[in-house]
Amino acid sequence: MKKAGLIICLLLLIGCKSKSVSRSTEDLKIKKILEAEINSNQQNKAYSLGKRVLETCNTSKFKPFNETEVTKSVMENTTEERLTKTCLRFRQYYGSFIDLKLDGVYKTKEETIYRYHALYTKKVANKELRVFVNEDNLISAIKSMDWDEKFDAKIK
């Protein structure tokens, strides 16, 4: 399960520059979106692109993203070679990927976060996939991590 961090680095490598950023606490707030307020087109896009990434682990074939789906940094850092390398470890530890189950949708000042429970064949797999959609309706990040039961309690 410690290898989950590897896919985080793999799927989203944002430049790590030291710079001071002044942010208000409003920028950092995360709010849960009610089901009635969810944009269904955006939700379908987040689901299909998240599923496409994880299905690479089953098929070893990845249909590359294009500029109408994801940001440039996500497109550059999500390659079939990188995914295949990570997927070999994921299949060993968690089994085959089955599906994504939407657990919640959250909003920050600049992004919408779709939080999915990633289902695998091995019962020891308790993973989540977070898909971040920016204001331009492009996927700005995809992160895989261990499932956090207390996520909702942390944002209140």
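Begin by selecting Val53, Thr56, Cys57 and Asn58 in helix α3, which meet Leu83, Cys87, Phe90 and Arg91 in helix α5; contact here means heavy atoms within 4.5 Å. The model is predicted: local features need pLDDT of at least 70, side-chain atom pairs count only at pLDDT 80 or more, and totals for chains, interfaces and linings use all residues. Residues are numbered from 1 along each chain as its sequence is written, and side-chain values use heavy atoms, with hydrogens and water left out.

**The two helices**

Now display α3 and α5 (residues 80-94) together. Their axes are 9 Å apart and the helices pack at an angle of about 70°. Axes are lines fitted to C-alpha atoms, for helices over the stretch in contact, and angles run from 0 to 180 degrees between N-to-C directions. The two helices, α3 and α5, are therefore roughly perpendicular to each other, a label given to angles of 65 to 115 degrees.

**Along α3**

Select residues 40-59 next. This is α3, with 20 residues and a reach of 27 Å from its first C-alpha to its last, close to the 28 Å expected at 1.5 Å a residue. The expected span is 1.5 Å times one less than the number of residues. Helices (H or I, at least four residues) and strands (E, at least two) are DSSP runs, numbered from the N terminus.

At the N-terminal end, select Asn39. This residue caps α3, with a side-chain oxygen 3.0 Å from the backbone nitrogen of Asn41. Further along, a kink of about 30° is centred on Val53; the bend at a residue is the angle between axes fitted to the seven residues ending there and the seven starting there. The buried residues of α3 include Lys45, Leu49, Arg52 and Val53, where buried means under 20% relative accessible area, exposed over 50%, and partly exposed in between (1.4 Å probe, protein chains only).

After α3 comes Ser60, whose phi is positive, near 60°. Most residues other than glycine have a negative phi. Ser60 is found in the loop between α3 and α4 (72-77) and is partly exposed, with a relative accessible area of 42%.

**Glu69, back towards α3**

Stay in the loop between α3 and α4 and select Glu69. Glu69 is buried, with a relative accessible area of 13%. Its side chain is joined to that of Arg52 by a polar contact of 2.7 Å; such a contact is a pair of N or O atoms within 3.5 Å, and within protein one must be able to donate a hydrogen and the other to accept it, while residues adjacent in sequence count only if both atoms are side-chain atoms. Neighbours within four places in sequence aside, Glu69 is in contact with Lys45, Leu49, Arg52, Pro64, Leu138 and Ile139.

**Thr84 in α5**

Move to Thr84, placed in helix α5. The residue is partly exposed, with a relative accessible area of 26%. A polar atom of the Thr84 side chain lies 2.7 Å from the backbone oxygen of Glu80. The C-alpha atoms of Thr84 and Cys57 are separated by 6.7 Å, although the residues are 27 apart along the chain.

**Two loops between strands**

Select Thr108, in the loop between β2 (97-107) and β3 (111-120). Thr108 is buried at 15% relative accessible area. Beyond its neighbours within four places in sequence, Thr108 is in contact with Lys29, Ile30 and Ile113.

Finish at Asn137, in the loop between β4 (127-134) and β5 (139-146). Asn137 has a positive phi of about 60° although it is not a glycine, and at 31% relative accessibility Asn137 counts as partly exposed.

Methods
Parallel < 35°, antiparallel > 145°, perpendicular 65-115°, else oblique.
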